[in-house]
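Subject: Structure handover, with notes on helix packing and a cavity

Dear colleague,

I am passing on the structure below, together with some notes on what turned up in it. Please read them alongside the coordinates.

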Amino acid sequence: MPLPRLLAACALAAAVLLFPDGAAAAGRIALVIGNGAYADGRDLRNPPNDAADLGATLGAAGFQVDIRQDLTRQQMLTALQDFEDKAAGAEAAIVFFAGHGFEYGGTNWLVPVDAKVKRESRIADETIPLDRVRQALEPARGLKLVILDACRDNPFRAGLGTLTRATTARGLARVETSGREAIAYAARDKTTAEDGTGRNSPFTTALIRHIATPGLDVRFLFGAVGDEVRVATAGRQEPFLYQSFGRDPVHIVPPAPVAPPPVVAAPAPVAAPVPAMSTERSDFEFAERVGTIGAWQAFVDLYKEGYLVRLAQERIETLKAKQTVAALPGGGAEAKPPAAPAATPAPAAGGASPELTEIKREVRRELQRLACAPGPVEGEWTSAATEALARFGRAAKMRVAVADIDAGLLEQMRRYDDNLCKPKPVCGPGEKLKGETCVALETVCPKGTRRTASGRCEATKTAVVPGTSKTKPDAALPSTATSAAKPKRDRTAEYYKCVEWATREGVTGNCRNILIEP
């Protein structure tokens, strides 16, 4: 017998042995489908393994599991009809599907192994709409959860694109939920999921690790799964959970029952019983055990405000700072999921995490480099450091406060040149700033004027070149005009006189005009 089917059989046998009275069937049920043996070379290797392994995990956690693999369209419809009959009044009902899935015309479709969609009109005839799966969950009175590791790229996209004007998008389309319904995508809408290189896909690997944790809220569960998938795929794949739960926690596997303390005879008066741990405190401890940003954020989203919410927000900031420092050059080796803290001590009043303290120290060191005068680098944050941070904000033309200090701000400060906050000299009239010094402006005088040694513009004097109608600035040319009574003009003599004068005075006159004037 193939290994996936053997695991499925073992899971069913375990469920029968653990719950012979049918209590699991009435409380929690699951339909797990893995389609991989597709026609036309579109096979997927991992979905049958995903279905077998996840079904075994749910069976061991007390679910009545129906594991199906490589189903045709008719077999998928039959399995959904059978599951719908069993879901009436169930405390939790889950449908998991691994295989090909795509969005077309605004509707999400799951692909049976015998689908050979050649044209748009056959999509509804050969595939299963997601709404049919949701319909099978409606009779359940509690949690209704659809998990789709089916966001692989549309296998019919190229063919449909040539046969119709409608468009096909990558991945699945977003959905709206109501009541206690939730739909989890292995990759958020309009993106695709990876099948993986191991036995299971990255999404199912993380799901198997967390789904059977007793008392783990569904939102915390998929927060932890999302963090692991983002790390495993180097950010290429981001799972997403659509849900409309209220404030109360929603569990896939209920919390483990707490045995009552043994009754010990004691003399009167008997001490009052210790109140049971609140649900909020219990969820806080679950988030701490998971220890990821997604788990802490789910806690904050659920409880909104309060002392424990403030502690959770502090954990989020600490984890973000670690991730940012690790991403800096030389900041660390390959990214790993942040480890869970060893304990949950409440921070001292006005205190800060060691990571934030170190970042503040580096910020003050940068403020010194930028000439913003923050005071001493070591020690407590002071009012002088706050004023220096404000000076930096004005010089950098950005709003920044002490509450904004994090690794991202530190990295941004390091990009500025030295002495950013140093005041620039104020130049007087006729001066301009060059570097850090004021220099005189170069005056460009208009035509007919010249610039003096003091930088002022003065009008130039002009004189007529002898024997011509031309003028020459700043020259006093001797007159060479002959008497009007003289019958004939000696142009050659006038020319040589002009040349002699120009040579003596060191100027250039247009003496050649004497020879060519009429």
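Helix 8 (residues 202–210) and helix 9 (residues 218–232), both DSSP runs of H or I with at least four residues, pack at about 140° with their axes 9 Å apart, the axes being lines fitted to C-alpha atoms over the stretch in contact and the angle running from 0 to 180 degrees between N-to-C directions. The two helices are therefore oblique to each other, a class left over once angles under 35 degrees (roughly parallel), over 145 (roughly antiparallel) and 65 to 115 (roughly perpendicular) are set aside. In contact (heavy atoms within 4.5 Å) are P202, F203, A206, L207, R209 and H210 of helix 8 with L221, F222, A224, V225, E228 and V229 of helix 9. By class, that contact has nine nonpolar, one polar and two charged residues, where Ala, Val, Leu, Ile, Met, Phe, Trp, Tyr, Cys and Pro count as nonpolar, Asp, Glu, Lys and Arg as charged, and the others, Gly among them, as polar.

The model is predicted, with local features needing pLDDT of at least 70 and side-chain atom pairs pLDDT 80 or more, while totals for chains, interfaces and linings use all residues. Residues are numbered from 1 along each chain as its sequence is written, and side-chain values use heavy atoms, without hydrogens or water.

A search of the whole structure also finds one cavity of 30 Å³ or more, a cavity being a set of points on a 1 Å grid over the protein atoms alone where a 1.4 Å probe fits but cannot get out, and its volume the space filled by probe spheres set on the points, which are joined across faces, edges and corners. I29, A30, Q64, V65, D66, F83 and K86 line the largest cavity, each with an atom within 4 Å of a point.

Best regards

Terms used
On a 1 Å grid over the protein atoms alone, a cavity is a set of points where a 1.4 Å probe fits but cannot get out, and a pocket is an open set with protein on both sides within 12 Å along at least five of seven lines; lining residues have an atom within 4 Å of a point.
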